[in-house]
Amino acid sequence: MVGETIATALIEKGHNVRMGSRSANNDKAAAWVKKSNDKATQGDFDDAAAFGEIVFLCLNGAHALDAVQSIKTDSVNGKVVIDLTNPLDFSKGMPPRLLEGLNNSTSLGEQIQATLPTARVVKTFNTINSNVMVNPKLINNGDHTLFLCGNDNDAKNKVKHFLVDTFGWQPENLLDLGGIVAARGTEAYVPFWVMMMQATGSPMFNIKVVK
């Protein structure tokens, strides 16, 4: 759902997008291509990674590393990879817990960067609803905080400009938390986000850092 929301917003803004799946002829991806414009195509994960100038990882956290391992190093060499994944375990119901082995001393973001060492991974968007990602004005006229982190400052700057120019995020609301290790914090926040969603009865909210 997250990947389709972002992909649809991008093709509507004139970008060419290839949606990746485990198989090149995935039925859901094919249905998305069929209902979209001529800027939409599909392929497997590696096809999509090789195709994109910017790669979005919109994956189920429990299976994200398996999917990322299917991407060839050359397909993402030097590219900005925007990681939206969260290592959530829903096996005990709601709210979810963090997956064992992907909390405290590491994070899914760090593991993705280690799996794709020549890519420039930027963790962002994982703390908000997908509709808010592509249209921040849905909440408080766009005045709320989006976190990002990653080891490459140039990559983070490119992502900031992309988010401002493409989706209308306000530059002053993009909070850089530092290296990819900070993904431990943003991923750990998500179970709390789910609690707030349950308490408010809606996913259409975010927080704003004030000082």
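Okay, one definition before anything else: buried is under 20% relative accessible area, exposed is over 50%, and partly exposed sits in between, with a 1.4 Å probe and protein chains only. Now, what you have above is a predicted model, where local features need pLDDT of at least 70, side-chain atom pairs count only at pLDDT 80 or more, and totals for chains, interfaces and linings use all residues. Residues are numbered from 1 along each chain as its sequence is written, and side-chain values use heavy atoms, with hydrogens and water left out.

Let's talk charges. Side chains of opposite charge can pair when their charged atoms come close. My cut-off for a salt bridge is a side-chain nitrogen of Lys or Arg within 4 Å of a carboxyl oxygen of Asp or Glu. By that rule, we get eleven salt bridges.

Here's one of them: lysine 123 with aspartate 83, at 2.8 Å from N to O. Lysine 123 belongs to strand E7 (residues 120-124) and aspartate 83 to strand E4 (residues 80-83), so this pair ties together parts that are 40 residues apart in sequence. By the way, helices (H or I, at least four residues) and strands (E, at least two) are DSSP runs, numbered from the N terminus. And are those two partners buried or exposed? Both lysine 123 and aspartate 83 are buried.

Next pair: aspartate 89 and arginine 97, whose closest N and O atoms are 3.3 Å apart. Aspartate 89 is buried at 15% relative accessible area, while arginine 97 is partly exposed at 40%.

Then there's aspartate 176 with lysine 160, closest N and O atoms 3.9 Å apart.

Which residues sit on which face? Arg120, Val122 and Thr124 are on one side, Val121 and Lys123 are on the other, and all of them are buried.

As for its neighbours, two strands pair if DSSP finds at least two bridges between them. E4 and E7 run parallel, joined by four bridges, and valine 81 has valine 121 in E7 as its bridge partner. With strand E8 (residues 146-150), E7 pairs in the antiparallel sense over three bridges. There, valine 122 stands opposite glycine 150 in E8.

Quick look at helix H5 (residues 108-115): its buried residues are Leu108, Gly109, Glu110, Ile112 and Gln113. Counting contact as heavy atoms within 4.5 Å, the cover over those buried residues includes E4 and E7, along with strand E3 (54-57), helix H4 (64-68) and helix H8 (183-200).
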